[in-house]
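Let's walk through this structure together, one feature at a time. Keep the model open beside you as you read.

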Amino acid sequence: MASLEFINYEPRSAKVSENKLSWIKLKRKKIERLPQIIWEDNFTWAEVNLWALDQAVSSKRDLKTVRSNMSHLLAYAKWLESEFMTWRHFPERESERCLVRFRGALIAARNDGELAPSTVSQRMAAVIRFYKWVKENQLISTEQPMWKDRFIGITITNSFGLEHTMRVASTDLAIPNRKVVGAFQLEDGLLPVSIGAMKDILSLADKSASEELSLMLRIGFFTGLRLGSITDLKVETLINATHIPGVGLKSLSVGPGARPPIATKLNVTGSVPIPEELLDILVGYSTSTRRLKRQALASNEHQDLLFLTRYGNTYNGDTSRAINVEMSRLRAVGKKSSVKALQGFHFHRTRATFATELMKVALNFMPISDALQFVKDSCLHKDESTTMKYIKFIETHETINEAADAFTNAFMGLIKGYDNA
């Protein structure tokens with residue numbers, strides 16, 4: 001299927017002199033790891049790759065945003081290939097147009113719980129932005145309209161209580177970020193797994209996955225770090241871990257302000273707790289023959305990375321094909337082994353599990369306000385409202401369990417009586 005590759009782009013200008021073509025280096029910053037989409041037949045998707053470059057050289061977009069947009073376009077490319085459809089497919093019948101059908105597939109995935117509502121909204125928005133760009137640059141021409149433009153009024157209230165309405169341009173293909181009814185979801189629309197399920201996942205990973213993925217899953221479950229941060233961990237980060245007295249934990253400094261810096265979402269700098277036992281395992285892995293062989297193949301700038309592929313390359317967080325492929329294989333093994341915990345399991349659920357269990361422990365030993373601050377700091381949440389979701393989730397989950405038990409007890413006798421009749 002389609003894949004995402006990364007190139008190092010060096011700006012150059014074409015010059016023709018004496019019937020010869022030469023490329024002149026421009027005094028512009030080199031773009032490292034610019035994402036590019038390759039179709040299954042090994043041809044590049046030229047238009048979307050030009051869009052990525054246009055975003056990357058713009059001062060309005062950072063490279064992280066470009067990579068995020070391209071990950072959404074990659075999902076669209078894979079869907080197009082699975083449907084044997086081109087991205088220019090806009091027939092007269094509206095229901096058969098590629099964008100309309102892709103929108104329906106996203107909504108179905110959201111309703112089935114396969115994708116978070118926020119992901120669905122962002123994915124459709126990214127695809128529409130691409131089509132707007134190719135339309136503006138006259139790289140596509142269709143007889144039928146691709147969508148219908150519309151304007152939405154948004155009411156804004158200022159600090160003085162005065163309201164005014166702002167008109168925002170949208171399309172009839174946009175998907176509102178609506179929560180799935182009946183779903184109790186946390187960060188990024190994901191749910192935690194139980195302690196028992198976590199043990200099953202780690203046990204299967206130890207047997208069927210690489211040592212690197214097994215360790216990454218443990219870091220996710222026991223520190224709550226996102227995959228992008230885990231794959232950017234340095235050996236020096238482990239060595240510089242500070243001791244937290246009396247609790248069997250140490251603290252890892254992460255974020256752009258840490259030394260060495262570690263990538264975090266929204267560039268938040270802070271410290272995350274890590275069990276001493278897990279830290280010892282990671283330090284042992286850092287000096288293992290397996291990792292040192294990978295380090296020998298790595299470039300100078302990546303020598304200190306804790307996790308490297310067998311070719312000495314970086315895993316590069318959520319955009320890593322290596323991790324995505326291995327997670328897919330682990331889910332397939334889990335299905336064959338009847339490990340139900342891996343059905344619909346994604347790496348980011350390790351973070352939701354960590355934060356939920358940490359909040360449960362904190363609420364048992366601290367006032368709510370202290371527990372809220374402790375979990376907020378440990379998970380590097382920028383907003384307190386994100387941390388509050390875990391308290392509400394725990395309270396709601398406990399209430400539902402109690403209600404289910406009461407319901408079962410109340411009707412148990414009637415059910416038995418019906419069976420005996």
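Helices (H or I, at least four residues) and strands (E, at least two) are DSSP runs, numbered from the N terminus. This is a predicted model, in which local features need pLDDT of at least 70 and side-chain atom pairs count only at pLDDT 80 or more, while totals for chains, interfaces and linings use all residues. Residues are numbered from 1 along each chain as its sequence is written, and side-chain values use heavy atoms, with hydrogens and water left out.

Helix α12 (residues 349-365) holds both Lys-360 and Glu-357, which sit 3 residues apart, about one turn of the helix. These two form a salt bridge, with their closest N and O atoms 3.5 Å apart. The term stands for a side-chain nitrogen of Lys or Arg within 4 Å of a carboxyl oxygen of Asp or Glu. By this rule there are 11 salt bridges.

Another one joins Arg-88 to Glu-47, where the closest N and O atoms are 3.1 Å apart. Arg-88 lies in the loop between α2 (63-82) and α3 (98-111) and Glu-47 in helix α1 (residues 46-56), so this pair ties together parts that are 41 residues apart in sequence. Glu-47 is buried at 18% relative accessible area, whereas Arg-88 is partly exposed at 39%. Here buried means under 20% relative accessible area, exposed means over 50%, and partly exposed lies in between (1.4 Å probe, protein chains only). Elsewhere, Glu-211, Glu-212, Arg-290 and Arg-294 are linked in a network of salt bridges.

Now for the strands. Two strands pair if DSSP finds at least two bridges between them. Strand β2 (residues 12-17) pairs with β3 in the antiparallel sense over 6 bridges, and Lys-15 has Ser-22 in β3 as its bridge partner. Their hairpin has 2 residues between the strands, and Glu-18 takes a positive phi near 55° there. Strand β3 (residues 20-25) is hardly covered, since the count of buried residues among its 6 residues is 0.

Further along, an open sheet of 3 strands runs in the order β7-β8-β9, with antiparallel pairing. Its edge strands, β7 (242-244) and β9 (270-275), each pair on one side only. Between β7 and β8 (residues 249-254) there are 3 bridges, and Ile-244 stands opposite Leu-249 in β8.

What about the cysteines? Cys-98 is buried at 0% relative accessibility, and Cys-379 is buried at 2%. A search of the whole structure finds 0 disulfides, a disulfide being a pair of cysteine sulfur atoms within 2.5 Å.
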